[in-house]
Amino acid sequence: MSWVFLLKNKVVVGSIIEKMVIEIKIQFSITIKLVRFDNAWELCTHRLHSFYKSHDIIHQTTCICSSQQNGVAERKHRHLLDVARTLLIHHSVPQLYWGDAVLTAYYLINRMPNSILHEQIPWHTLYPERELFHVPSRIFGCVAFVHL
């Protein structure tokens, strides 16, 4: 399962990570043991190091200029952007709707069978009691909006 957050700038990344760790702990009763990021300055702040330490989380960083060390995340990122690009091109949507395309791609990817999960759907694996799809208030690429 993937989560996507659209950010105006990188400064808020730390607070998003903190909220996600706490949300995962509360919602799924799971403790995150390890996080791995590149050496971006916004991911290596003193505040985040203190947060990791207070939650017993090991923080690993990859070597500089070696995205190959974070291959799983890089591949997921590429898949997400490929789907978003395809949505924009297929529906002839202007580039300014890039954020909507990424959010739609994230929604669809989480609801498609995954080979890593033995063709199960990530959404059902995490939320077995919830509906797979809900009626969206608008359809991506459609010029008309549905008001419910």
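Which residues form a nonpolar patch on the surface? Met1, Trp3, Phe5, Leu7, Val11, Val12 and Trp41 do, with about 670 Å² of accessible area together. The model is predicted, and local features need pLDDT of at least 70, side-chain atom pairs count only at pLDDT 80 or more, and totals for chains, interfaces and linings use all residues. Residues are numbered from 1 along each chain as its sequence is written, and side-chain values use heavy atoms, with hydrogens and water left out.

**View 1. Val11 in the nonpolar surface patch.** Val11 belongs to the segment before α1 (13-28) and counts as exposed at 62% relative accessibility. Patch members have over 30% relative accessible area and no salt bridge; nonpolar side chains (Val, Leu, Ile, Met, Phe, Trp, Tyr) are joined within 5 Å, like charges within 9 Å. Areas come from the Shrake-Rupley method with a 1.4 Å probe, and for residues only the protein chains shown count as cover. Buried means under 20% relative accessible area, exposed over 50%, and partly exposed in between.

**View 2. The aromatic pair Phe28 and Tyr127.** The pair is tilted, at 5.7 Å centre to centre with 50° between the planes. Phe28 lies in helix α1 and Tyr127 in the segment after α5, so the pair ties together parts 99 residues apart in sequence. Both Phe28 and Tyr127 are buried, and together with Trp123 they form one aromatic cluster. Rings of Phe, Tyr and Trp (its six-membered ring) pair if their centres lie within 6.5 Å; planes under 30 degrees apart count as stacked, over 60 as edge-to-face and the rest as tilted.

**View 3. Arg111 over two rings.** Arg111 lies over the face of Tyr107, 3.7 Å from the ring centre. The charged end of Arg111 also sits over the ring of Trp123, 4.0 Å from its centre. The criterion is NZ of Lys or CZ of Arg within 6 Å of the ring centre and within 35 degrees of the ring normal.

**View 4. The salt bridge between Glu42 and Lys10.** The N to O distance is 3.9 Å; a salt bridge is a side-chain nitrogen of Lys or Arg within 4 Å of a carboxyl oxygen of Asp or Glu. Glu42 is buried, with a relative accessible area of 8%, whereas Lys10 counts as exposed at 51% relative accessibility.

**View 5. The salt bridge between Arg47 and Glu18.** The side chains meet at 3.0 Å, N to O. Arg47 is in helix α2 and Glu18 in helix α1, 29 residues apart. Helices (H or I, at least four residues) and strands (E, at least two) are DSSP runs, numbered from the N terminus.

Terms used. Buried < 20%, exposed > 50% of the residue type's maximum accessible area, 1.4 Å probe, protein only.
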